[in-house]
Amino acid sequence: MAVSGTAALALAKGLNEIFRPMALHASPRPARWVFLVDTYKCIGCGFCVKACKLENEIPFEANVSRTWVERYVVTKGGEVLADTPKEARNGFTTSRIDLGLGRYKEVPPESINKAFFVPKLCNQCDKPPCVQVCPVGATYQTADGVILVDRKWCIGCGYCIMACPYGMRFFHPAYHVAEKCNFCYHRITNGMKPACVLACPVGARRIGNIKDPADSAAKIILTQRVSIHKPEYGTNPQVYYIGLSEEVK
Amino acid sequence: MYVLRPLYVVLALVGVILIARAFIVPKDFGTHESGYMYGWYRKSNEGEWKALKAKYQGKEYCRDCHAEQDQQVSSFRHNMIECENCHGPALEHPTAPPKLTLDRSRELCLRCHTYLPYPTSQRSTIKGIDADQHNPGAECVGCHNPHQATKPQ
């Protein structure tokens, strides 16, 4: 009986530790980080990708990155061509579109209807599917809205990589755990801009705090015409775009 | 009541697992601000991320010592480019590293100055070259000064 008594006590204590209903009533957030991308301004130089890889120690020559830039070329015939050679870590230095498998396509300038660059990074979703599927609590949403990965806790099961509708997650080639953009959490929480925002020469990337009424990026998000990626997934992404087109996937 | 014995075994097992859990799981692991679904994690990991050292320091950091170069570039359009984009992240320069790795390559310039005829992008407004026609293979900095708007030498 003593054994079962101890077990019952431990059970009650354990359950109390896991399910704390009061904790579910989250306190109002002091800050909420958001991001604004202007696709008209982006020139496809790829300095953001370079800065991100160096700042966050993602091996430069590895074909994975926390952020990348996509090029879209829509021809007058309605053909949509898109590429991101080496995640654009060296920028776009040729007009030839990389079709993959060593094939390239040159599009004559006169047949281009529209062409533009779209930087991609983690959307820091308000309802992040990557966090929902984590079986060990290794990835989580902070009070200020950023999704982080606990490298000591991650078991490398890869569920989060499968769950992200935006393809933002990958395995870190050195740490062998799930890796993702976190808006340079070590920088934004210490009063700095994310490395990609700092490196962008044309101001196409901006960080903002939607809780701050004086924040200029937040003001644009709240008062101007912006759009988000894949709203149909219900993830409530927090990277907003100016000039997004329906060709962008 | 021997039919209940398997139940005691199960209860004892659950107890052992929960006791073991109390030792293994860190004290700060649990449900935090974002609730059970999104905020179930080890709280001290937030601090571990925040404690990482920033590598890119920004123009203001460079300006303190390299005022002359900063002055030189300030009247030129390249002022919009961070020093570290070409000179490499400063980290704790001049302590570590004492010298930065400057990228003088043609490829660095071509990131912006390959002309791309994209009507709906700001890229097409940048003065650019056809890299296959304009002195192929040569380093741009041999003729052009990246800090100042000067005629090619």
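## Contacts around A:Phe35

Two residues are in contact if their C-beta atoms, placed from the backbone, lie within 7 Å. By this criterion, and leaving aside neighbours within four places in sequence, A:Phe35 in this predicted model is in contact with A:Leu121, A:Phe183, A:Ile207, A:Gln238, A:Val239 and A:Tyr240.

A:Phe35 also belongs to the largest nonpolar core, which has 66 residues. The members that touch the most other members are A:Phe35, A:Cys48, A:Ala51, A:Phe183, A:Ala195, A:Cys196 and A:Ala199. In soluble globular proteins, nonpolar side chains tend to be buried together.

## Chain A as a whole

Chain A contains 8 helices and 12 strands. Its length is 249 residues, of which 44% count as buried. When contacts in chain A between residues at least 6 apart in sequence are considered, 63% of them join residues at least 24 apart.

## The mixed sheet of chain A

One open sheet of chain A is formed by 3 strands in the order 11-1-12, with mixed pairing. Its edge strands are strand 11 (205-209) and strand 12 (239-242), each of which pairs on one side only. On average, neighbouring strands of this sheet are turned by 25° against each other, direction ignored.

Strand 1 (residues 33-38) of chain A runs parallel to strand 12 of chain A, and 4 bridges join the two. Within this pairing, A:Leu36 stands opposite A:Tyr240 in strand 12 of chain A. Helix 8 (residues 216-223) of chain A packs on the sheet and touches strand 1, strand 11 and strand 12 of chain A. The direction of helix 8 makes about 90° with that of strand 11 of chain A.

## The antiparallel sheet of chain A

Another open sheet of chain A has 3 strands in the order 3-2-6, and its pairing is antiparallel. Strand 3 (80-83) and strand 6 of chain A stand at the edges with a single partner strand each, so one side of each is left without a neighbour in the sheet. Neighbouring strands here are turned by 15° against each other on average, direction ignored.

Strand 2 (residues 68-75) of chain A pairs with strand 6 of chain A over 8 bridges in the antiparallel sense; A:Val74 stands opposite A:Lys114 in strand 6. Strand 2 of chain A also pairs with strand 3 of chain A, again in the antiparallel sense, over 4 bridges. There, A:Val73 stands opposite A:Leu81 in strand 3. Strand 6 (residues 112-120) of chain A has 7 of its 9 residues buried, so it is largely enclosed by the rest of the structure.

## Helix 3 of chain A

Helix 3 of chain A is mostly covered, with 8 of its 9 residues buried.

Helix 3 of chain A is followed by A:Glu57, whose phi is positive, near 55°.

In helix 7 (residues 106-113) of chain B, the residues B:Leu108, B:Cys109, B:Leu110, B:Arg111 and B:Cys112 are buried. The buried residues of this helix pack against helix 3 (47-55) of chain A together with helix 6 (83-87) of chain B.

Across the whole interface, 51 residues of chain B are in contact with 59 residues of chain A. Helix 1 (5-24), strand 1 (29-31), helix 2 (35-38), strand 2 (40-42), helix 3 and helix 7 of chain B each supply at least two residues of the side of chain B that touches chain A. Helix 1 of chain B gives the most to that side, with 8 residues. By class, the side of chain B that touches chain A has 27 nonpolar, 14 polar and 10 charged residues.

## B:Gln57

B:Gln57 lies in the loop between helix 3 (44-50) and helix 4 (59-63) of chain B. A residue counts as buried if 20 or more other C-beta atoms lie within 10 Å of its own; B:Gln57 has 19 C-beta neighbours inside 10 Å and therefore counts as partly exposed. B:Gln57 and B:Thr101 are 44 residues apart along the chain, and their C-alpha atoms are separated by 15 Å.

Methods: Residues are numbered from 1 along each chain as its sequence is written. Chains are lettered from A and ligands numbered from 1 in the order in which they are written. This is a predicted model: local features need pLDDT of at least 70, side-chain atom pairs count only at pLDDT 80 or more; totals for chains, interfaces and linings use all residues. A residue is buried if 20 or more other C-beta atoms lie within 10 Å of its own, exposed if 12 or fewer, and partly exposed in between; C-beta atoms are placed from the backbone. Ala, Val, Leu, Ile, Met, Phe, Trp, Tyr, Cys and Pro count as nonpolar, Asp, Glu, Lys and Arg as charged, and the others, Gly among them, as polar. Two strands pair if DSSP finds at least two bridges between them. A nonpolar core is a set of buried Ala, Val, Leu, Ile, Met, Phe, Trp, Tyr and Cys residues joined through C-beta atoms within 7 Å. Axes are lines fitted to C-alpha atoms, for helices over the stretch in contact, and angles run from 0 to 180 degrees between N-to-C directions.
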